[in-house]
Amino acid sequence: MRKPAGILALLTVIGLFLGWSIGTFFTGVTAAKVVASIPASPIVTEVSYNREKHQLTYSMLNPGGMPLTIVQESFVFTPGNRSKEKGYVVSDIPVRVTLPPGVVTKVVLKLKPGTEKLEIGDGILATFTYVTPLSSDLYTVVHPFKMGVSNKTTVQSTQKGGKK
């Protein structure tokens, strides 16, 4: 036999490298599956008001690995100093909007025709209620929007127990 210690050392190094590679691969795949199965709260990245179309557009990001479904929305209007309108009626509330994972989805809210256009200082507090595929619990995201003011605010997320 020629240098059995050298061959044994070489086989040990190859075995360790092969075991490390296989272990890293399976750990990475498992970790990716776990991360993908964690539902995350949607994030409102931008709100814009189209004066001509009289509609608000909410850009919402789902940073999780699972789709989320918006099942209900509510909006509270607070008139500013310049506003003549005492309250707004929403004419088109999108329901059952699916937010795919890792994608920014635009949710458009049309205000009732015939109502005044939004003025600087008018505020809208939007509450989006959503569900995940893993649970029958309802979750909410609250987002304040003030016309003409930069929205550098925190978003509040809560969980409500119960059935859909």
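User: Hi! Is Glu119 buried, exposed or partly exposed?
Analyst: Glu119 counts as partly exposed, with 25% relative accessibility. Here buried means under 20% relative accessible area, exposed means over 50%, and partly exposed is in between, using a 1.4 Å probe and protein chains only. Bear in mind that this is a predicted model, where local features need pLDDT of at least 70, side-chain atom pairs count only at pLDDT 80 or more, and totals for chains, interfaces and linings use all residues. Residues are numbered from 1 along each chain as its sequence is written, and side-chain values use heavy atoms, leaving out hydrogens and water.

User: Thanks! Which residue forms a salt bridge with Glu119?
Analyst: That is Arg51, and the closest N and O atoms are 3.5 Å apart. A salt bridge here needs a side-chain nitrogen of Lys or Arg within 4 Å of a carboxyl oxygen of Asp or Glu. The two residues are 68 apart: Glu119 sits in the loop between β6 (104-111) and β7 (123-131), while Arg51 is in the loop between β1 and β2. Strands are DSSP runs of E with at least two residues, helices are runs of H or I with at least four, and both are numbered from the N terminus.

User: And how many salt bridges does the whole structure have?
Analyst: The search finds one. Its Arg51 is partly exposed, at 36% relative accessible area.

User: How do β1 and β2 run, and how many bridges join them?
Analyst: They run antiparallel, with seven bridges between β1 (residues 43-50) and β2 (residues 55-61). Strands count as paired if DSSP finds at least two bridges between them. Ile43 has Leu61 as its bridge partner in β2. The two strands form a hairpin with four residues between them, and His54 in the turn has a positive phi of about 55 degrees.

User: Switching topic: what does Gly102 touch?
Analyst: Leaving aside residues up to four places away in sequence, Gly102 touches Leu61, Asn62 and Gly64; contact means heavy atoms within 4.5 Å. Gly102 lies in the loop between β5 (97-99) and β6 and counts as exposed at 57% relative accessibility.

User: Is Thr69 buried or exposed?
Analyst: Thr69 counts as buried, at 18% relative accessibility. This residue is in strand β3 (residues 68-78), and its contacts beyond four places in sequence include Arg96, Val97 and Tyr130.
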